[in-house]
Amino acid sequence: MSAPITTRNRRVDLTQSAFTLLCGASPRAMLDLYNEGGSAVQLYSGPAPWCLTFDGGDHVEADALATNATFLASTDGSIAARVNVTANAAVKTIFSASDLSANEFMQFGLDASEKLFATLRTAAAVQWTLTCTAALVPGQWYRVKLVHNGTTPVLYVDGAQWPQTFSVTTDKTAWIAGLSNIDTGRIGSINTNAAAAEAEWWVGQIRDLQVYDGTAADKLTPDLNRVLVANFKLQDGTGTTVTDSSGNALDGAFGAGAAAPVWDMWNAYKSLGAASGFLWDTGVPRDCIYAYTTDTGIVVEVTQGWR
């Protein structure tokens, strides 16, 4: 005797020029989608379709991070993000923490040749600068990471430790706790002088930016000594605020006016094509399904069943 089939029907009104979630991932659920309007609807499959796009003059102000006691006292930790760079002959900042009234900062980004780098300067001088010897390929998504174990910083690209060299080695043990007066955090830029405003802006896309205090003791215990300070997924998809999902309420805000980045589709997101009428017939989605249309008044009928 076969198991009973339970189905559920609902109508979803699509938001114009935005992604609307139709269903969550369910390996056992059969899914039918029907477009009740005549306009084409684009379908996308994946965990979430959004990221932030920066044009070389945008930034996100994450100043609340500079009020977090755990972050300010950190002697070891990591910064990680997914990035897709657009080539330009300039330094590009992924993340920075700095003092607005002094030339003191920690900066993580790419140099003018698209090579991943990180540097830390205390009030005294630059303590260390580390740069990968190979460049990232523009137009390709990477998972980049800076890890400081309390002794020395290391750069990773897609989980691998790329060849890298130090150009400054004054004190490689220096980390956030060695910065005397950090009062600002930035995604997509750095600011070490409020009067001069932002500099060294990111060009391209960023998502999934995480800030940790502490590092793994070894590969067998990867999370025991780490505390998630901030988790900017950059997947809100709307508005001018970026949500911190760590539970520490360190939300950030878009830079004002022309300095604001824009929500965009993560271009590694899988497109399922555009159609009208039946959009999906007896498929089994392994990821969330989103719909996108530029028209108004479009409704999709969602029929989902479980075996």
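**Cores and aromatic pairs in a predicted model**

The largest nonpolar core holds 53 residues, and Ile94, Met106 and Phe108 have the most contacts inside it. A nonpolar core is here a set of buried Ala, Val, Leu, Ile, Met, Phe, Trp, Tyr and Cys residues joined through side-chain atoms within 4.5 Å; buried means under 20% relative accessible area, exposed over 50%, and partly exposed in between, with a 1.4 Å probe and protein chains only. Strand E7 (residues 77-85) supplies the largest share of this core, four residues. Strands (E, at least two residues) and helices (H or I, at least four) are DSSP runs numbered from the N terminus. Apart from this core lies another, of 14 residues, among them Val12, Leu279, Ile289 and Val302.

The model is predicted, so local features need pLDDT of at least 70 and side-chain atom pairs count only at pLDDT 80 or more, whereas totals for chains, interfaces and linings use all residues. Residues are numbered from 1 along each chain as its sequence is written, and side-chain values use heavy atoms, with hydrogens and water left out.

Contact means heavy atoms within 4.5 Å. Beyond its neighbours within four places in sequence, Met106 is in contact with residues including Ile79, Phe95, Leu120, Trp175 and Leu179. Thr122 lies in the loop between strand E10 (115-121) and strand E11 (126-135), and is buried, with a relative accessible area of 12%. Not counting residues up to four places away in sequence, Thr122 touches Asn103, Glu104, Gln127, Gly178 and Leu179.

The aromatic rings come next. Rings of Phe, Tyr and Trp (its six-membered ring) pair if their centres lie within 6.5 Å; planes under 30 degrees apart count as stacked, over 60 as edge-to-face and the rest as tilted. By this rule there are seven aromatic pairs. Phe19 and Tyr44 form an edge-to-face pair, because their ring centres are 5.3 Å apart and their planes stand at 75 degrees. Since Phe19 belongs to strand E2 (residues 19-23) and Tyr44 to strand E4 (residues 41-46), the pair ties together parts that are 25 residues apart in sequence. Both Phe19 and Tyr44 are buried. The rings of Phe254 and Trp263 have centres 5.7 Å apart and planes at 45 degrees, so this pair is tilted. Phe254 is buried at 11% relative accessible area, and Trp263 counts as buried at 18%. Ring pairs also link Phe19, Tyr44, Trp50, Tyr290 and Tyr292 into a cluster.
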